[in-house]
Amino acid sequence: MAEVKQERWGTRLGVILAVAGSAVGLGNFLRFPGTAAQNGGGAFMIPYFIALLVVGIPVGWAEWTMGRYGGRKGFHSSPAIMGVIGGGSVARYLGVLGLLIPMVVYMYYGLIESWCLQYAVAFATGGIGLDGNTATMAAQSGTYFGQVSGSAGEGAMSAGTWGFWLFVITVNAYFVWRGLSGGIEKFCQWAMPAMAICAVVVLVRVLTLGTPDPAHPELNVVSGLGYMWNPRFDALGNAETWLAAAGQIFFSLSVGFGVIINYASYMRKKDDVVLSGLTASATNEVFEVGFGGLITLTAAFVFLGAAGATGGTFGLGFNTLPVVFAHMGPVGNVVGAVWFFMLFLAAITSSLSMLQPVKAFLQEALGWSNGRSVIAVVLFTAGGSLWNLQHTKDLVALDTMDFWVGTATIFVLATVQVIYFAWVFGIDRGMEEAHHGARIRIPKIVAFVIKYVAPTYLIVVFAAFCRQSLGDRIDALVEDPVAAQTLGVVVFGLFALVVATRIGEKRWRAQGLDLDGKFPPDDDEEGERR
Amino acid sequence: MTTAGWIFMVCSLTAVWSLAGWCYARVLRD
């Protein structure tokens, strides 16, 4: 990689906050509370924490370890690193999924990010114009979201949406262009504490709401917390509860996303990955359970009751909560602005992590400069985003990308990664590699968990997921041309990445690099001397 | 909110905050 300037993280805290920033997103605040309330309330936390211990943290450690090992071999992209770990071209081309996921997810995540900023600005400048009783405001809120997202018809969003989207992709491009330490790390070191402060501000406001409507004394903060946390143990006998818990942990921690493997590749042999990986996961859990678990449904229940405290990620976040803020009176606009700015920060720390792996790949595979790689990845992802901006009706295009790439492919990549790590690279070698520079020891049982339990768990959950969703999704592809064409956009992206990987493979061989991982890294002896 | 609800909430919050607190104490100490 002689022509590529070697990038490194500035500090250990920097890489931890960058990985945590990648993991903390809208799902922590919007998806988690809804999923928990629907699947046993407090009892949901039993399968949730089991999934964290069995899949989330161990598979995360494996990914951190693979990334750092690949970096020691001079590689920073998922295909190259997987080729080294898996010892050949099959693993290398499966590693292309580690580029496809962040690239395609960015194509719609950048749009959602711009909605958050648009809502934050709207609340900061007087609200989104909700007035009247709850039912009227709910209808107005739905209309407003329709204008922002364009979900009412193809390309039917307001002009402001275009402006906010252009601003968001420019900001993302700027920080990725600034580089790892000077751009992403510096931004996350500022954004993560800012996000925590915003969350605390909203949390304090929500927990001090008391009983806002004396005519409905049953709608109070304690009842709102009860709506989220009162356990229903019968849910534990339902397989769907366990599936939902595994899915929530899995997507929340961003394992199998192609990001951690890239971020960890900028670490040295002596840098710790064990404590860093655990700390990043713990940070994600604080935002998810500590903030998401207390704010969202509690606020919705206090003003709207159990019937109002429902809805998926978009419904809860962009339709229900604006009604809740409107019920808070004048201070509601401030709380709304802080809340949506926090979601914007959560989104941008994630979206930056989606661009970096693809940029690093273009530099590595094609030998392009930093600037050229940034321009290429921005233009390519903007093309995909434009597709989503043109096909906004019922958000079918966005939803199609989210299901096939942002959900199903993540399962596949995580399973591939954990199997290559445990069974091809070797679990004993993997554990030894993980402990270089480690500040804490990984319990011995984790090796067994990574080798046997995690792959089984992932395959079972994926099979159940396919059984639950795949039939309807295939029907949608047949019936809806937009869904089918959107999948075509994804396949085109995959094809482009495979071609670039083939070019990179030839370049790496010509440079005499050990792309099949046959020899130990060059820093082995150097590392021992340090 | 039921007693069981309080228990689950307090235990879950204690678990995540304790883990994060312990992790950051170790990271910042090194």
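A word on the model before we start: it is predicted, so local features need pLDDT of at least 70 and side-chain atom pairs count only at pLDDT 80 or more, while totals for chains, interfaces and linings use all residues. Residues are numbered from 1 along each chain as its sequence is written, and chains are lettered from A, with ligands numbered from 1, in the order in which they are written.

Helices here are DSSP runs (H or I, at least four residues), numbered from the N terminus.

Let's begin with helix α9 (residues 180-207) and helix α13 (residues 274-308) of chain A, whose axes lie 10 Å apart at an angle of about 40°. Axes are lines fitted to C-alpha atoms over the stretch in contact, and angles run from 0 to 180 degrees between N-to-C directions. That angle makes α9(A) oblique to α13(A); under 35 degrees would be roughly parallel, over 145 roughly antiparallel, 65 to 115 roughly perpendicular, and the rest is oblique. Among the residues that meet are A:Leu203 in α9(A) and A:Phe291 in α13(A); contact means C-beta atoms, placed from the backbone, within 7 Å. The contact has 9 nonpolar residues, 1 polar and no charged. Nonpolar covers Ala, Val, Leu, Ile, Met, Phe, Trp, Tyr, Cys and Pro; charged covers Asp, Glu, Lys and Arg; the others, Gly among them, are polar.

Now the second pair. How do α17 (residues 396-434) and α19 (residues 481-510) of chain A cross? Their axes come within 9 Å and cross at roughly 50°, so α17(A) and α19(A) are oblique to each other too. The contact includes A:Trp404 of α17(A) and A:Leu487 of α19(A). Its residues divide into 9 nonpolar, 2 polar and no charged.

Conventions. Helix = DSSP H or I, 4+ residues; strand = E, 2+ residues; numbered from the N terminus. Contact = placed C-beta atoms within 7 Å.
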